[in-house]
Amino acid sequence: GQYVYEEKVMDEGALSIEPLVVVGMEGFWGLLFSVFLVLPAAGYIPGKDCPHSSNHSCVYEDTLDTFDMMDGQYTIIILTVAYVVIITGYNVAAVYVTYLLDSVWHAILDNFRPISVWLVQLILFQVLDGKFGEKWATSSWLQLAGLIVLLIGTAIYNGNIKVPCGMYPETRKVRDFDSVSLSTSPFLRSPRSRRANVQTIDRLGIDSSEDNENRIRCNSFTH
């Protein structure tokens, strides 16, 4: 739902908010929500976080005790700052994926994240003689099957693999139209760019011969 809403507010229309503004507003409201609601509430919920500097009862999360333990721990402070910078870059890149492609591509690429981590873990286990990483196990075959399904689904959605009765508008560049700019890269040949191209082709009265063949084939099959 969040990805779809991001695409809606950044799309052409009354809002048309810039991607960096979307990232900033999400971070701003997330910070307010965490500082004034989530973290104070976590400080009263019973849990396993027991403060080291006092005899207070254990809570779910003691934020003040966390800052107290970070005092003088420069390695942790550096890693925390680096984490914030990396996550900020990740969020900016993710929102730009939604802006340049669409929310579906954002969701697809987001699913590649844990798979990429899994592949890196397998490589580290082999390279570092089992000191770090993950060993190939019986359950790894299930993860591999999931990776294959994800790759096939991505290829079908992107039009690299065409299914029967599917409509695949030609991604042709229309000259003298500054609003339409189609990339030659198959990765950027997403439904978002195809949508803009199809609208322009419709205005020009151009029809795709491939779409006509698919339409005829599907009509004959259904009748």
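1. The loop between helix 5 and helix 6 is where aspartate 129 lies, and in this predicted model the residue deserves a careful look at its backbone. Phi of aspartate 129 is near 55 degrees, which is a positive value in a residue other than glycine.

2. Leaving aside residues up to four places away in sequence, lysine 135 touches Leu122, Phe125 and Ser140. The C-alpha atoms of lysine 135 and phenylalanine 125 are separated by 6.2 Å, although the two residues stand 10 residues apart along the chain.

3. One of the residues touched by lysine 135 is serine 140, whose place is in helix 6, the element made up of residues 140-158.

4. Helix 5, which covers residues 103-127, packs against helix 1, which covers residues 2-10, at an angle of about 145 degrees and with the two axes 8 Å apart. The crossing of helix 1 and helix 5 is right-handed. On the side of helix 1 the contact is made by Tyr3, Val4, Glu6 and Glu7, and on the side of helix 5 by Ser103, His106, Ala107 and Asp110. Sorted by class, the residues in this contact are three nonpolar, two polar and three charged.

5. Helix 4 runs over residues 74-100 and has 27 residues. From its first C-alpha to its last, helix 4 reaches 39 Å, which is close to the 39 Å expected at 1.5 Å a residue. Among the residues of helix 4, Ala94, Val95 and Thr98 are buried, a class that requires a relative accessible area under 20%.

6. How many disulfides does the count come to? The count comes to one disulfide, formed by cysteine 50 and cysteine 58, whose sulfur atoms are 1.8 Å apart; the pair qualifies because the cut-off is 2.5 Å. The link of cysteine 50 and cysteine 58 is right-handed, with 100 degrees about the S-S bond. Cysteine 50 is partly exposed at a relative accessible area of 34%, and cysteine 58 is likewise partly exposed, at 29%.

7. For the chain as a whole, there are eight helices and one strand, and from the N terminus on the elements run α-α-β-α-α-α-α-α-α. Of the 223 residues of the chain, 23% count as buried. Among contacts in the chain between residues at least 6 apart in sequence, 51% join residues that are at least 24 apart.

Definitions and conventions:
Residues are numbered from 1 along each chain as its sequence is written. This is a predicted model: local features need pLDDT of at least 70, side-chain atom pairs count only at pLDDT 80 or more; totals for chains, interfaces and linings use all residues. Side-chain values use heavy atoms; hydrogens and water are left out. Buried means under 20% relative accessible area, exposed over 50%, partly exposed in between (1.4 Å probe, protein chains only). Helices (H or I, at least four residues) and strands (E, at least two) are DSSP runs, numbered from the N terminus. The expected span of a helix is 1.5 Å times one less than its number of residues. Axes are lines fitted to C-alpha atoms, for helices over the stretch in contact, and angles run from 0 to 180 degrees between N-to-C directions. A crossing is left-handed if the near helix is turned anticlockwise from the far one by less than a right angle, and right-handed if clockwise. Contact means heavy atoms within 4.5 Å. Ala, Val, Leu, Ile, Met, Phe, Trp, Tyr, Cys and Pro count as nonpolar, Asp, Glu, Lys and Arg as charged, and the others, Gly among them, as polar.
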